[in-house]
Amino acid sequence: MTSLLIGLGGAIGALCRYYLGLLVTRKASTPFPLGTWVINVTGSLLLGILFNLHNKGMIADSLFWLVGIGFCGAYTTFSTFGNEAVQLLVANKMKLAVIYVLTSVIVSCIAGCIGFLF
């Protein structure tokens, strides 16, 4: 049952990541990978909230497996983040690459902390 919940959450998270990424990219015409940035920050916030609720026994293990591990695990994307950072570097957009990496890591960690403290 655990694997089924994680897989189901992962499928939903991957689809949400894909469609939200498309939406943000279409709305914001910028070389900055805003779609992935927004996804990783919101996913970190959500996972922080879920982790805190699970830690306090306020949500069931099954809900944490579905949404925390499955959905958030597939929704957020470190591999895309890394690939986009390299693409910026290859395109000689050093300043933008540094801003992307630093703000992604720092803001996502802050969002996770805020979620945990929620």
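Trainee: How are helices H2 and H5 oriented relative to each other, roughly parallel or roughly antiparallel?

Mentor: Two packed helices are described by the angle between their axes and the distance between the axes. Here H2 (residues 34-55) and H5 (residues 94-117) pack at about 25°, with axes 7 Å apart. H2 and H5 are therefore roughly parallel; that label covers angles under 35 degrees, while over 145 counts as roughly antiparallel, 65 to 115 as roughly perpendicular and the rest as oblique. Axes are lines fitted to C-alpha atoms over the stretch in contact, and angles run from 0 to 180 degrees between N-to-C directions. Helices are DSSP runs of H or I with at least four residues, and strands are runs of E with at least two, numbered from the N terminus.

Trainee: Which residues make the contact?

Mentor: Contact means heavy atoms within 4.5 Å. Among them are Trp-37, Leu-45 and Gly-48 of H2, and Tyr-100, Val-107 and Ala-111 of H5. By class, the contact has ten nonpolar, eleven polar and no charged residues; Ala, Val, Leu, Ile, Met, Phe, Trp, Tyr, Cys and Pro count as nonpolar, Asp, Glu, Lys and Arg as charged, and the others, Gly among them, as polar.

Trainee: What does the secondary structure of the chain come to?

Mentor: The chain has five helices and zero strands. Of its 118 residues, 33% count as buried, meaning under 20% relative accessible area with a 1.4 Å probe, protein chains only.

Trainee: Where does the model come from?

Mentor: This is a predicted model; local features need pLDDT of at least 70, side-chain atom pairs count only at pLDDT 80 or more, and totals for chains, interfaces and linings use all residues. Residues are numbered from 1 along each chain as its sequence is written, and side-chain values use heavy atoms, leaving out hydrogens and water.

Methods: Buried < 20%, exposed > 50% of the residue type's maximum accessible area, 1.4 Å probe, protein only.
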